[in-house]
Amino acid sequence: MSTALSAPAPQENSFQSLVDSASRILKSGQLDDAQRACRTLTEQHPEQPSAWYLHGATALKCGDTTAAIPALERAVALHRTHVGYRRMLANAYRTAGRLEDAEGALEKALHNDPANFETLLALGTIKISKGQKDIGVDLCRRGLAAAFKHQQRRVLKLAVKLTSATVGTLYQFTKPGSSRSNRIDEIYGNLCHRIGEDDEAILAFQRAVPAKPERSDLKIKLGRLLVSRERFAEAISFLEDIDRDQEEDPAICIDFAVALASTHRYEDAIDILERAFSLGGESPRALLVLGQAQTGVGDTKAALKSFKRALMLAPNSAAAHFALGRNLQEEGALEEANRFFFDTLEIDPTHASAYRFLASNKAITVDDEIFKQALVLLTQGEASALDRKKLHFTVATIFEQAGDIDSAFTHYQAGNDLKDVIFDTELCTSYFGRLIEAYSAAFLDRTKNWGDADKRPVFIVGMPRSGTTLVEQILASHKDVFGAGELETFHEYVFGMSERIDTETPYPD
């Protein structure tokens, strides 16, 4: 027969209970009460270094360096090898303007733990501020490298928080484009990417790449990050410079194809995907991109096969369900498309584009749980800026359909605020005015016999959701008619006219 043993409950005035109490008060933001609790803690347990550390850290948070410094000095005296105590003491010294003392405390901390990234960064910054830029930059570089080696997300986040300020300081003392600044950018970019701060990582790699144009690996990192942020046109300029003769990762080819397909270079995307398939065989993601490109060239039947194949290989893929929904919507099968969009959200409740399509298809109302789910995603604040934009437009559409115009406008405005472009009312009005002037009755009468008299092309025009896709399907069911889909040909032709006729005068003038 075994007996279960349990630790005794802490006494009301035990050291641990007092520490817990002071910590809870500090976390609640009641700084004055926290300081009083810490004074009680040190009075009753003056032999405990952690008591003095908590007292000093709390005083420092209150801005009281007069109380913080002696408390932290006492903690260090009781536990001389504790790196964290010395680093907090250095922080207090620095806040009080005592840089020499701060430097000394950090050097002793570094002696006890030479690879601690927080100490390296803090000491490096102080060295730089004192004019010892070579030593300081080297310490900071070592700190960045040490931070990058950590696998724990919490530690990496702390590293980014510390280094974001440090990197700015380093730039003041490193020559732009030098190997040293390039190395700093590369390490910082890698660090940011590791914790999901991809926008910050992109900025770092954008600084690093020009200094090392021969580094295809840096270009690949930057290009793929740009693809992940849906900045496809920018990504292409980095991904297309990859040496065609080198051994490639099929994932790189697929990212390149994503960028190409998303900028309407569908044939080029299909060519790149053939390389991806030869390198790594079929993969769900490659098939999804292939389907997107096939849709772009008007081969929706081939695209449907690609999407179905992707779903067969990855039946729990939200992306595959969503792609099939898009394909069916293009074909006018809205009810079936909506089922795939709902399936997408069943697999991935954070899939912002699925919400967007369901809203545009009037498949969600303000009373539905899915609408409430979209609101929760917005209020949680964890979605990316890109997804928040889509969610705001989703919510706005549903509010508008329900007649709640004020709420709809609020979310439309929030969504537009997250866009990379700013709507210029004067520019838009001017453009429409120029169109009206250009396409006057006299112009149309003068040009009525221009062009090709062939009547074979049939153009279907209309507003979204007005039935244009259905009309195309009806016509394309005839054996002598081919449905070409929504082509970008005219858009590309019109806005490329100035370049073709070698003039700086923009369309429509």
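In which helix is the place of S353? S353 sits in helix α20, which covers residues 352-360; helices here are DSSP runs of H or I with at least four residues, numbered from the N terminus. This is a predicted model, in which local features need pLDDT of at least 70 and side-chain atom pairs count only at pLDDT 80 or more, while totals for chains, interfaces and linings use all residues. Residues are numbered from 1 along each chain as its sequence is written, and side-chain values use heavy atoms, with hydrogens and water left out.

S353 counts as buried because its relative accessibility is 15%. Buried stands for under 20% relative accessible area, exposed for over 50%, and partly exposed for what is in between (1.4 Å probe, protein chains only). The side chain of S353 makes a polar contact of 2.9 Å with the side chain of K390. Such a contact is a pair of N or O atoms within 3.5 Å; within protein, one must be able to donate a hydrogen and the other to accept it, and residues adjacent in sequence count only if both atoms are side-chain atoms. Leaving aside neighbours within four places in sequence, S353 is in contact (heavy atoms within 4.5 Å) with F322 and K390. F322 also belongs to one aromatic cluster with F341 and F357.

## The nonpolar cores

Let's turn to the nonpolar cores. A core of this kind is a set of buried Ala, Val, Leu, Ile, Met, Phe, Trp, Tyr and Cys residues joined through side-chain atoms within 4.5 Å. The largest one has 34 residues, of which L222, V227, I254 and L273 touch the most other members. Helices α11 (198-208), α12 (216-228), α13 (232-239), α14 (250-262), α15 (266-280) and α16 (284-296) each supply at least two of its residues, and α14 gives the most, with 9 residues. Apart from this core lies another, of 33 residues, with F307, L311, A337 and Y355 among them.

Which residues of α13 are buried? They are F232, A235, I236, F238 and L239. These residues lie on the same side of α13, because they cover an arc of only 165° around the axis, taken from the directions from the helix axis to the C-beta atoms. Their cover includes α12 and α14.

The whole structure holds 9 aromatic pairs. Rings of Phe, Tyr and Trp (its six-membered ring) pair if their centres lie within 6.5 Å; planes under 30 degrees apart count as stacked, over 60 as edge-to-face and the rest as tilted. The rings of F371 and F399 have centres 5.2 Å apart and planes at 90°, so this pair is edge-to-face. F371 is in helix α21 (residues 369-380) and F399 in helix α22, 28 residues apart, and both are buried.

F393 and Y412 form a tilted pair, 6.3 Å centre to centre with 40° between the planes. F393 lies in α22 and Y412 in α23 (residues 405-417), so the pair ties together parts 19 residues apart in sequence. F393 is buried at 12% relative accessible area, whereas Y412 is partly exposed at 24%. Also in α22 (residues 385-401) is H392, buried at 14%.

## Two loop residues

F459 is found in the loop between α25 (441-446) and α26 (468-476), and is exposed, with a relative accessible area of 59%. A484 lies in the loop between α26 and α27 (489-494) and is partly exposed at 28%. Not counting residues up to four places away in sequence, A484 touches G298 and E472.
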